[in-house]
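This briefing covers a single protein chain and goes from the whole chain to selected residues. Please keep the sequence and the model in view while reading.

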Amino acid sequence: MARSGGFGRSGESGRRPSKAAQARAAAQAARAAARAARPQSKARSREGTGGAFGMTGTRRAALLAMVVCALALSIAVPLRTYLAQREELREVTASQETLRAEVSQLEQRKQELADPAHLEAEARRRLHYVRPGETPYVVQLPGDAERKLEDERPATAPAADKAWYEQLWDSVAAR
């Protein structure tokens, strides 16, 4: 049986809560009211924090991939230009060395041709020149008689007597 003394409802002690308990309850109620009044961001309403900018891992990876692609594309064109210029410089340097060697050969040839004795020897050998009063002799070797004059002549036939515009047309038409 239940007693009906001065206890009031069953389960309650009849004592009033202390001032400290009242202060705690008031502080909890104030915090709950402040939370309800404060707008919550989308990132905070979801599970997890979502990083510094409120982005998921997939979005961060996509952003990183876009940044890497942008960097690669911005570096690709200048790098290609640099490599092409380096290759061109290498080719020009090689060409310059070849030209220097050719110039030195031509200067040496020029010095040789400046010598009158060498010039005379060249004229005698290549052009078959003789000095006045000398008798030129042509030596024929055994194989020379069998050679034909056609073998020594150029392979191309002389141009036919055509007008200049016909020759031009034949050269363009590849006849």
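Of the 175 residues of the chain, 2% count as buried, where buried means under 20% relative accessible area, exposed over 50%, and partly exposed in between (1.4 Å probe, protein chains only). This is a predicted model, in which local features need pLDDT of at least 70 and side-chain atom pairs count only at pLDDT 80 or more, while totals for chains, interfaces and linings use all residues. Residues are numbered from 1 along each chain as its sequence is written, and side-chain values use heavy atoms, with hydrogens and water left out.

**Whole chain**

- The chain has six helices and zero strands; helices (H or I, at least four residues) and strands (E, at least two) are DSSP runs, numbered from the N terminus.
- The accessible surface comes to about 17,100 Å², and carbon and sulfur atoms hold 59% of that area; the areas come from the Shrake-Rupley method with a 1.4 Å probe, and for residues only the protein chains shown count as cover.

**Nonpolar patch and L79**

- A nonpolar patch on the surface is formed by L63, M66, V67, L71, I75, L79, Y82 and L83, with about 780 Å² of accessible area together.
- Patch residues have over 30% relative accessible area and no salt bridge, and nonpolar side chains (Val, Leu, Ile, Met, Phe, Trp, Tyr) are joined within 5 Å, like charges within 9 Å.
- A salt bridge is a side-chain nitrogen of Lys or Arg within 4 Å of a carboxyl oxygen of Asp or Glu.
- L79 belongs to helix α3 (residues 57-114) and is partly exposed, its relative accessible area being 45%.

**E122 in helix α4**

- E122 lies in helix α4 (residues 116-127) and is buried, with a relative accessible area of 13%.
- Its side chain makes a polar contact with the side chain of R125 (3.1 Å); a polar contact is a pair of N or O atoms within 3.5 Å, and within protein one must be able to donate a hydrogen and the other to accept it, with residues adjacent in sequence counting only if both atoms are side-chain atoms.
- Apart from neighbours within four places in sequence, E122 is in contact (heavy atoms within 4.5 Å) with R109 and L127.

- Helix α6 (residues 164-173) is hardly covered, with one buried residue among its ten.
- A174 follows α6 and has a positive phi, near 60°.
- The structure holds one aromatic pair.
- The ring centres of W164 and Y165 are 5.8 Å apart and the planes stand at 85°, so the pair is edge-to-face.
- Rings of Phe, Tyr and Trp (its six-membered ring) pair if their centres lie within 6.5 Å; planes under 30 degrees apart count as stacked, over 60 as edge-to-face and the rest as tilted.
- Both W164 and Y165 are exposed.
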